[in-house]
Amino acid sequence: MKNYILQNENAVYYECGYSCDNCIYINIEDESFFITDARYTIDAKQNIKNNCEVVIANDLIKEAKKILKKSKIKKLVFDPNDFSYFAFTSLNSNKKIKFIPKPYFSKQKRIIKTNDEIKLIKKAMKLGRIGFVRFQEYLLNNGVNKSEKYLAYIAQSFLSDYGKYDLSFEAIIAINENAAKPHAHPSSKTYNEKDLLLFDGGIKYKRYCSDRTVTFGNNLKYNSTTQRKQLFKNKKQQKIYDIVLKAQETTISKARVGMKASAIDKIGRDIIEKAGYGKYFVHSTGHGVGLDIHEYPNISSRSDVIIEENMVFTVEPGIYLPNEFGVRIEDTLVMKSKKAVIL
């Protein structure tokens, strides 16, 4: 693909090593153009790579149209998720160019990570784990009677190292019945030491994301960076946790290069279904991680993507019992030497 246009920040960054909140990137044959406004002149010229030409303009769409007209190309690929209707109709007013929609084509380009990208994601995971450990210690020593909202604030402070790192997404802190919502929002419910607590969070290191979920039981002194087995005073919670743990560990141990993503999804899903909780596993097994927190490949029952070396994705089975509790266990892994390795 030689002729394409992008506006998504992470997609643009992948192409030229820099992006901002007001830019358009155009690639035409062997030339590339980064169009932005004067606020970003210095940063763009200092950071852009790959011999990309920086173009400063007040009207980015108008400037893009000039470049496209001068190029005399006949076809241009674009991601319809990038542009507003107004921006696209303005660009598309040049009837000499056929705009070809290819949704998420940049994510498709990024599906196999370079070794350098894997190092950055691994570093993000390492830094993220430090935040998990700090939160675990806080929960043990100071967490009782604190609300989910306050604990979410504390968790995000620890994850980001008090603002040193951006978050991959807004962290999820959910106690008991709130944890039965996969994407729970924190409430005013307070924590006590008998509660189950789900913590899903991650940070960005040099723009690359980490993603991890731990469901804490009652033995908070366990090492959350190396251990998965936990103890719960509630027998049902223990049973569900052990089923999810088995599903997660088995999926990771059996995932191989050459398998379909749907086959990997099936490994853990079958374990949960055989235990009688299939209808409570309400999402896919995992998703790609990189510059975006959700990338390709999707590890779902509907995905026929063939897993390849250097693909990075999460494995995060869960069981969510309405009005009771939910359990999710998540790690981010990379396919290396044909098998899954936790980052």
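In the predicted model, helix 6 and helix 7 lie oblique to each other, because their axes cross at roughly 140°. Helix 6 spans residues 115–142 and helix 7 spans residues 148–159, and the two axes come within 8 Å. The crossing of this pair is right-handed. On the helix 6 side, the contact is made by Gly 128, Gly 131, Phe 132, Arg 134, Phe 135, Tyr 138 and Leu 139. These residues meet Tyr 150, Leu 151, Ile 154, Ala 155, Phe 158 and Leu 159 of helix 7. By class, the contact comprises 10 nonpolar, 2 polar and 1 charged residues.

Side chains of opposite charge can pair when their charged atoms come close. The model contains 14 salt bridges. One of them joins Glu 15 and Lys 109, with an N to O distance of 2.6 Å. This pair links distant parts of the chain, as Glu 15 belongs to helix 1 (residues 9–16) and Lys 109 to helix 5 (residues 105–109), 94 residues apart. Glu 15 counts as buried at 11% relative accessibility, whereas Lys 109, at 36%, counts as partly exposed.

A salt bridge is also formed between Glu 295 and Lys 113, whose closest N and O atoms are 3.0 Å apart. Glu 295 lies in strand 13 (residues 295–299) and Lys 113 in the loop between helix 5 and helix 6, a separation of 182 residues. Both Glu 295 and Lys 113 are buried.

Within helix 9 (residues 261–274), Arg 269 and Asp 265 are 4 residues apart and therefore separated by about one helical turn. Their side chains meet in a salt bridge of 2.8 Å, N to O. Arg 269 is buried, with a relative accessible area of 14%, and Asp 265 is buried at 1%. Elsewhere, salt bridges with shared partners join Arg 110, Lys 113, Asp 292 and Glu 295 into one network.

Technical notes: Residues numbered from 1 in each chain as written. Predicted model: local features only at pLDDT ≥ 70, side-chain atom pairs only at ≥ 80, totals over all residues. Heavy atoms only, no water. Axes fitted to C-alpha atoms, helices over the stretch in contact; angles between N-to-C directions. Helix = DSSP H or I, 4+ residues; strand = E, 2+ residues; numbered from the N terminus. Parallel < 35°, antiparallel > 145°, perpendicular 65-115°, else oblique. Left-handed = near helix turned anticlockwise from the far one by under 90°. Contact = heavy atoms within 4.5 Å. Nonpolar A, V, L, I, M, F, W, Y, C, P; charged D, E, K, R; others polar. Salt bridge = Lys/Arg side-chain N within 4 Å of Asp/Glu carboxyl O. Buried < 20%, exposed > 50% of the residue type's maximum accessible area, 1.4 Å probe, protein only.
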